[in-house]
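Have a look at the structure first.

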Amino acid sequence: MTTDQTPAEPGKPTDETSSGPRSPEEASARRSGDGPCEGAGDGPEDGGESVGAAEAPQPSTGRQRLVSGLWPPRLTRAQLIVALLLFGLGLGLAIQVRSTNESSVLRGARQEDLVRILDELDNRTERLHEEKQRLEKQQTELENSSDQAEEARKQTAQKERQLAVLAGTVAAQGPGITMKIDASGSAVESDMLLDAVQELRAAGAEAIQIGKVRVVASTYFSDVGGAVEIDGRKVTQPYVIKVIGKPEDLEPALNIPGGVVQSLEKEQATVSIERSEKIVVDALRSAKRPDYARSSSR
């Protein structure tokens, strides 16, 4: 049997293992993988079989390449620090924006409402200035009086009457307002009445009475069984608040945007305010002698 051989190219050595005659033992060793390794990597052109060759890997899809590139994450120390800083910055900005939105109650107020708020602040400043001038006048009178002892007694009696009004031990009358809150079927609680009292005090209220209870410095509010109690006494609806003070200061203080009246109206309560030149506050409180506190004046 004649074997055709391809003539070798000039200058290229002839591979006898691939083109020369093989004995039956060499052919068997080549097929079983025991032969020389030179023919193991030859392709189909040699007519041989690859030894232990695995199947060709399947090409990966775009999604697989994306997943393999993102997970597991390969972060450096610098990238981790930058990520933490950006997270903290974003959290701080979110908190600042939220607090700004919550605290900017007057942002959407009308111009006339803002003017009224500024007037209220000016009135408070004026009241403090007047109080300062009054005290300075008393001091001057004491220093210049020929009978300082008599002047001191006169001022002491006047101060005693003022303190009695503030302590609620005597009745009082004068200009002011009457505020009526009809809370039938609404959720008006004791803290809302307390807010009204604090706003009135800040506006210069000198005497306050709710129902038949005189409001003084030690007054406390509580909710008991769905009703409001003041100093342990139940107050029935509608809540009537009589206040002695300057009406031009008291009423605007209650009607400022986001103030007492708007808060009560949000709870479906009906609020009415009436000015008067004569308000009588006649609910009294008994004077209690302190157990431990003593006057420091000599």
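How many helices and strands does the secondary structure of the protein come to? The answer is nine helices and eight strands, taken as DSSP runs numbered from the N terminus (helices: H or I, at least four residues; strands: E, at least two). Keep in mind that this is a predicted model, where local features need pLDDT of at least 70, side-chain atom pairs count only at pLDDT 80 or more, and totals for chains, interfaces and linings use all residues. Residues are numbered from 1 along each chain as its sequence is written, and side-chain values use heavy atoms, with hydrogens and water left out.

**Overall numbers**
- Of the 298 residues in the protein, 22% are buried (buried is under 20% relative accessible area, exposed over 50%, partly exposed in between; 1.4 Å probe, protein chains only).
- The protein exposes about 22,200 Å², with carbon and sulfur atoms supplying 53% of that (Shrake-Rupley method, 1.4 Å probe; for residues, only the protein chains shown count as cover).
- Take contacts between residues at least 6 apart in sequence: 73% of them join residues at least 24 apart (contact means heavy atoms within 4.5 Å).

**Salt bridges**
- The structure holds three salt bridges (a side-chain nitrogen of Lys or Arg within 4 Å of a carboxyl oxygen of Asp or Glu).
- Arg134 and Glu131 pair up at 2.4 Å, N to O; they're about one helical turn apart, because they sit three residues apart in helix H5.
- Arg285 bridges to Asp231, with the closest N and O atoms 2.5 Å apart.
- That pair links distant parts of the chain, 54 residues apart: Arg285 follows strand S8 (270–281), while Asp231 is in the loop between strands S5 (227–230) and S6 (233–235).
- Asp231 counts as buried at 17% relative accessibility, whereas Arg285 is partly exposed at 25%.
- Glu251 and Arg275 meet at 2.4 Å, N to O; Glu251 is in helix H8 (residues 247–254) and Arg275 in strand S8, so the pair ties together parts 24 residues apart in sequence.

**Around Ala167**
- Ala167 belongs to helix H6 (residues 148–167) and is partly exposed, at 39% relative accessible area.
- Apart from neighbours within four places in sequence, Ala167 touches Val216 and Arg285, both counted as contacts.
- Ala167 and Arg214 are 47 residues apart in sequence, yet 9.1 Å apart in space, C-alpha to C-alpha.
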